[in-house]
Amino acid sequence: MNTDERVLQLRQWCKEKISNYSKLKNEIMGLYELAVTEIEDGASVSHEIDLCMSDVEELIKENYN
């Protein structure tokens, strides 16, 4: 899977989280945009995707548990 496909999967995953946790839309989109920017700047794709997903999960945990 190439970088574009992986970023597209992350985008879809974030959209699903936003549909389930709409009050966190801005924060989730911010984390997604940060990951994409870091990837564009040459950071590890896997690392940035993992970081974004774990940060989104942590955000959800903090706000819904």
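Biologist: Which residues does Lys17 touch, not counting residues up to four places away in sequence?
Modeller: Bear in mind that this is a predicted model, where local features need pLDDT of at least 70, side-chain atom pairs count only at pLDDT 80 or more, and totals for chains, interfaces and linings use all residues. Residues are numbered from 1 along each chain as its sequence is written, and side-chain values use heavy atoms, leaving out hydrogens and water. With contact meaning heavy atoms within 4.5 Å, and residues up to four places away in sequence set aside, Lys17 touches Ile28, Val56, Glu57 and Ile60.

Biologist: Is Lys17 buried or exposed?
Modeller: Lys17 is found in helix 1, a DSSP run (H or I, at least four residues; strands are E, at least two) numbered from the N terminus. Its relative accessibility is 17%, and under 20% is buried, over 50% exposed and in between partly exposed (1.4 Å probe, protein chains only). So Lys17 counts as buried.

Biologist: How many helices does the protein have?
Modeller: Let's walk along the chain. From the N terminus on, the elements run α-α-α. There are zero strands in the protein, and the helices come to three.

Biologist: What is the angle between helix 1 and helix 2?
Modeller: Helix 1 covers residues 3-20, and its axis lies 10 Å from that of helix 2. Axes are lines fitted to C-alpha atoms, for helices over the stretch in contact, and angles run from 0 to 180 degrees between N-to-C directions. Helix 1 and helix 2 are roughly antiparallel, a label for angles over 145 degrees. The packing angle of helix 1 with helix 2 is about 170 degrees.

Biologist: How many nonpolar residues does the contact of helix 1 with helix 2 have?
Modeller: Thr3, Val7, Leu10, Arg11, Cys14, Lys17 and Ile18 in helix 1 meet Lys25, Ile28, Met29, Tyr32, Ala35, Val36 and Ile39 in helix 2. Ala, Val, Leu, Ile, Met, Phe, Trp, Tyr, Cys and Pro count as nonpolar, Asp, Glu, Lys and Arg as charged, and the others, Gly among them, as polar. One residue of this contact is polar, three are charged, and the nonpolar ones number ten.

Biologist: How many charged residues are in the contact of helix 2 with helix 3?
Modeller: Helix 2 (residues 25-40) and helix 3 (residues 45-64) pack at about 170 degrees, their axes 9 Å apart, which makes this pair roughly antiparallel too. Glu27, Ile28, Leu31, Tyr32, Ala35, Glu38 and Ile39 in helix 2 meet Val45, Glu48, Ile49, Cys52, Asp55, Val56 and Leu59 in helix 3. Ten of the contact residues are nonpolar, none is polar, and the charged ones number four.

Biologist: How far apart are the C-alpha atoms of Tyr32 and Leu10?
Modeller: Tyr32 lies in helix 2 and is buried, with a relative accessible area of 10%. Val7, Leu10, Arg11, Cys14 and Cys52 are what Tyr32 touches, residues up to four places away in sequence not counted. Although Tyr32 and Leu10 are 22 residues apart along the chain, their C-alpha atoms are separated by 7.7 Å.

Biologist: What is the relative accessible area of Met29?
Modeller: Met29 is found in helix 2, 34 residues from Asn63 in sequence and 16 Å from it in space, C-alpha to C-alpha. Met29 is partly exposed, with a relative accessible area of 24%.

Biologist: What share of the protein's residues count as buried?
Modeller: The C-alpha atoms fill a box of roughly 35 × 15 × 15 Å along the principal axes. Of the 65 residues of the protein, the share that count as buried is 29%.

Definitions and conventions
Parallel < 35°, antiparallel > 145°, perpendicular 65-115°, else oblique.
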